[in-house]
Amino acid sequence: MASQPQHTDLFYETHILCCCNQRPEGHPRSCCADRGGRNFMESISRRVAEMGLTNVTVTEAGCMERCELGPAMVIYPDAVWYTYENEDDVEEIIESHLKGGQRVERLVLDPDQKLPKPKALDLLDVVVSDVRDETADIKSIVVKAADGGDLPKFEAGAHIDVITATGLRRSYSLASNPGDRSSYLLGVLREPASRGGSVWIHDNVKPGDRLQITRPLNNFPLDDSAPAHILIAGGIGITPILAMARTLNGLDAKYQLHYCTRTPEGTAFRKEVEAIAGDSLTYHHDGGDPSRGIKLDEVLGDAPAGAHVYVCGPKTLIDAVRAAAAEWGEERVHFELFSAAPDQNYINEPFDIYLSRRRMDLTVPADRTILEVVREAGINADSSCEQGLCSTCQVRVISGEIEHRDQILSTQDKARGDTMMICVSRGKAGEKLVLDL
Ligand code: FES
Ligand code: FES
């Protein structure tokens, strides 16, 4: 392979062809260009140049008839075909194949392959190094990489999923310093009415235990171009807000942190919040009576011009902040829900879907979700919250009108109509959605 050149009479030892074919918008076969093929080709070209791999050339290709598996590339003279879906995949192909001479088996397209391979869940092994009672119903948990190395990097607002011994998968925001990869700090609220994940963690997890977690994913990032930041946390919603305050301290940025709980005793991470936010911190203890809680018109009315507001906590608090900041514009109001919105009395109708990568037609009955129907068809679709809160089940939509029911996508994202959360969102009645699945 590329690192072990044998054909010294060749002009280039290695030739990489990347499909960048562009089909018309909404074409049911989709194309490598719509799946990011051109950007990936540019990344590969840049990295090859940066690494000084002068025996390697990268060329744009038209359709190579592996459209359902794309974006596709082939590396000659090895004749190894790859698919890839993110920059990490690109980097691994460069490091392993081009530099190390080893195929990246998980990304290889087999010669007779017609369908995407089932994706293995990319889990990290961690060991619990500390568990503390923060309040009567909130525990803090610190985990470290089981091999003693660094954990993946993350940015403030990110969450990971913990896989419980009972097979549940639950999301928890990272409260630790994003610059410190030696451990992750989580906060877990015991929720007896939930599906059992937090109760299992409260009753079972202790120092020394091994757990599996997913890599960090961020649906609630800071916009560090804002001139000032108003951070509002309700209860356990302090966890991502804590990571944000740490980041903003590091940037020497202006912020205020408003922390809403019922009582001082029911306030998790108090010492840490006070040490990190200092004079920027204001507590709002309402004793269970929201009318004695945070005065949003004052908090937001006094905000510096151009400030962004970030809120995490119960839906009632998020709704109140969004209403109070309605004039700010959506791009300045950031929120993350930890539990689903109450039933909005949606009416379900059946609709059809077409799975572009499998050339498969399916019908979604009124009493099923797309996720359920796709799984019943034998497709290994990933999910976590199954309530439209986490984006794990997000799928690209090639055509068709979507009825969005998630709590993640912005109004602009929804209006663009090119992506959806298949655990909750649906097609309009009588509609056919063409999905990149
Ligand atoms: S569009 Fe890329 S292989 Fe066909
Ligand atoms: S699984 Fe969380 S949004 Fe669908």
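Let's start with an open sheet of 5 strands, arranged in the order β2-β1-β3-β4-β5 with mixed pairing. At its edges stand β2 (56-61) and β5 (108-109); each has a single partner strand, so one side of each is left without a neighbour in the sheet. Keep in mind as you look around that this is a predicted model.

How do β1 and β2 run relative to each other, parallel or antiparallel? They run parallel, and 6 bridges join β1 (residues 14-19) to β2. You can find one spot along this pair by looking for cysteine 19, which stands opposite alanine 61 in β2.

## Four domains

Now step back to the whole chain. It is divided into domain 1 (14-109), domain 2 (123-214), domain 3 (229-337) and domain 4 (351-435). Taken over C-alpha atoms, the centres of domain 1 and domain 2 are separated by 35 Å.

You will find phenylalanine 40 in helix α1 (residues 37-50). Is this residue buried or exposed? Phenylalanine 40 counts as buried because it has 23 C-beta neighbours inside 10 Å, and 20 or more are needed for that label.

Setting aside residues up to four places away in sequence, phenylalanine 40 touches Cys18, Pro71, Tyr84 and Val90.

In soluble globular proteins, nonpolar side chains tend to be buried together. Here, the largest nonpolar core has 84 residues, and the members that touch the most others are Leu231, Ile241 and Val321. Helix α4 (residues 238-251) gives the most to this core, contributing 7 residues.

Take a closer look at valine 321. Apart from neighbours within four places in sequence, valine 321 is in contact with Ile232, Leu296, Val309, Val311 and Phe335. There is also a second, separate core of 23 residues, and among its members are Ile16, Cys20, Val56 and Leu107.

## Another sheet to explore

Another open sheet has 5 strands in the order β18-β17-β23-β19-β21, again with mixed pairing. Its edges are β18 (360-364) and β21 (419-421), each with a single partner strand, so one side of each is left without a neighbour in the sheet. On average, neighbouring strands of this sheet are turned by 40 degrees against each other, direction ignored.

Strand β17 (residues 351-355) and β18 run antiparallel and are joined by 5 bridges. Along this pair, tyrosine 354 has aspartate 361 in β18 as its bridge partner.

Terms used: Residues are numbered from 1 along each chain as its sequence is written. Chains are lettered from A and ligands numbered from 1 in the order in which they are written. This is a predicted model: local features need pLDDT of at least 70, side-chain atom pairs count only at pLDDT 80 or more; totals for chains, interfaces and linings use all residues. Domain bounds come from an automatic or database domain assignment. A nonpolar core is a set of buried Ala, Val, Leu, Ile, Met, Phe, Trp, Tyr and Cys residues joined through C-beta atoms within 7 Å. A residue is buried if 20 or more other C-beta atoms lie within 10 Å of its own, exposed if 12 or fewer, and partly exposed in between; C-beta atoms are placed from the backbone. Helices (H or I, at least four residues) and strands (E, at least two) are DSSP runs, numbered from the N terminus. Two residues are in contact if their C-beta atoms, placed from the backbone, lie within 7 Å. Two strands pair if DSSP finds at least two bridges between them. Axes are lines fitted to C-alpha atoms, for helices over the stretch in contact, and angles run from 0 to 180 degrees between N-to-C directions.
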